[in-house]
Amino acid sequence: FDAVKEIIDDIGGIQMNITSEEAPHISGITKAGTYNLTGEQALAYARNRHTWPQYCPAKYNTHYRSDATRAIHQQEVIKGVLAKLKNVKSVEAFQNIVDSISNNIETNFSPSQILSFYNVAKDIISQNTDNGGNILSIQSLQLETTNQYIYDESMGMVLSDEIVNQDSLAKVIKAMKINLGLEEPEVIKTFSYSA
């Protein structure tokens with residue numbers, strides 16, 4: 001969480017459209033609108049699970065909060081960071097970002113190795129602006145589940161659990177294998193249509 005806040009602050013914040021349902025859950029925001037969020041505000045937005053009805057249909061939430069909504073918020077924050085990164089021109093600013101990453105995650109890349117990817121990453125980001133200026137096209141699959149309440153004797157409380165639909169799980173596994181190049185996609189080459 002600290003890395004998210006630091007990186008977003010290092011790039012001068014990210015621009016987000018905040019709905020009236022989301023506004024009360026983000027410090028300093030009182031109404032719907034487009035805001036340049038600080039790292040702290042962006043983290044609050046990314047962690048927010050309150051309903052975003054245009055993207056998260058009622059069947060996926062309790063009308064109050066939803067993990068699907070939170071996932072959408074997290075994707076929006078990633079897109080916001082990438083959109084801002086394409087405009088970082090200063091090596092010093094990029095070095096601050098690299099330092100924030102290095103201080104908050106473990107990797108065998110040195111800061112100088114990460115910095116060496118700067119031009120490559122910037123080229124990829126600046127060239128990938130199709131789809132109405134979107135920097136990143138996130139394709140998602142939803143694993144279908146059924147909500148079930150289970151009484152846990154050891155805790156003495158009722159817990160909410162999601163039971164996985166096995167057909168849905170098989171579809172997601174197949175899609176992941178195709179994305180990883182472990183399996184070839186099944187291409188439909190013919191179809192018929194009758195009016």
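# Close-up views of a predicted model

Read along the sequence, from one end of the chain to the other, the elements of the protein come in the order α-β-β-α-α-α-α-α-α-β-β-α. The model is a predicted one, and the protein in it has 8 helices and 4 strands. Of its 195 residues, 23% are buried. Among contacts between residues at least 6 apart in sequence, 43% join residues that are at least 24 apart.

**View 1. Helix α1 beside helix α2.** Two packed helices are described by the angle between their axes and the distance between the axes. Here helix α1, which covers residues 2-10, packs with helix α2, which covers residues 39-47, at an angle of about 130°, and their axes are 7 Å apart. The two helices α1 and α2 are therefore oblique to each other, and the crossing in which α1 passes α2 is right-handed. On the side of α1, the residues that meet the other helix are V4, K5, I8 and D9, while on the side of α2 they are G39, E40, A42 and L43. Sorted by class, the residues of this contact of α1 with α2 comprise 4 nonpolar, 1 polar and 3 charged.

**View 2. The buried face of helix α1.** In α1, the residues A3, I7 and I8 are buried. Seen down the axis of α1, its buried residues fall within an arc of 120°, so they line one face of the helix. What covers these buried residues of α1 includes the strands β1 (14-18) and β2 (33-37), together with the helices α2, α3 (67-85) and α4 (91-104). After α1 comes G12, a residue whose phi is positive, near 85°.

**View 3. Helix α1 beside helix α4.** The angle at which α1 and α4 pack is about 175°, and the axes of these two helices are 9 Å apart. That angle makes α1 roughly antiparallel to α4. In this contact, α1 contributes D2, A3, E6, I7 and D10, and α4 contributes N96, I97, S100, I101 and N104. The residues of the contact of α1 with α4 divide into 4 nonpolar, 3 polar and 3 charged.

**View 4. Residue F1, in the segment before helix α1.** F1 lies in the segment that comes before α1, and with a relative accessible area of 60% F1 is exposed. When its neighbours within four places in sequence are left aside, F1 is in contact with L43 and R47. Although F1 and L43 are 42 residues apart along the chain, their C-alpha atoms are separated by 7.2 Å. L43 is also one of the residues of α2 that meet α1.

**View 5. Helix α2 beside helix α3.** The axes of α2 and α3 cross at roughly 145° and come within 7 Å. From α2, the residues that make the contact are A42, Y45, A46 and R47, and from α3 they are R70, H73, Q74, E76 and V77. By class, this contact of α2 with α3 has 4 nonpolar, 2 polar and 3 charged residues.

**View 6. Residue N48, in the loop between helices α2 and α3.** N48 lies in the loop between α2 and α3, and with a relative accessible area of 5% N48 is buried. Apart from its neighbours within four places in sequence, N48 is in contact with E22, H25, T69, R70 and H73. Among these partners, R70 and H73 are also residues through which α3 makes its contact with α2.

**View 7. Residue D99, in helix α4.** The place of D99 is in helix α4, where D99 is partly exposed, with a relative accessible area of 30%. The C-alpha atoms of D99 and S112 are separated by 9.9 Å, and the two residues are 13 residues apart along the chain.

How values were computed: Residues numbered from 1 in each chain as written. Predicted model: local features only at pLDDT ≥ 70, side-chain atom pairs only at ≥ 80, totals over all residues. Heavy atoms only, no water. Axes fitted to C-alpha atoms, helices over the stretch in contact; angles between N-to-C directions. Parallel < 35°, antiparallel > 145°, perpendicular 65-115°, else oblique. Left-handed = near helix turned anticlockwise from the far one by under 90°. Contact = heavy atoms within 4.5 Å. Nonpolar A, V, L, I, M, F, W, Y, C, P; charged D, E, K, R; others polar. Buried < 20%, exposed > 50% of the residue type's maximum accessible area, 1.4 Å probe, protein only. Arc of directions from axis to C-beta.
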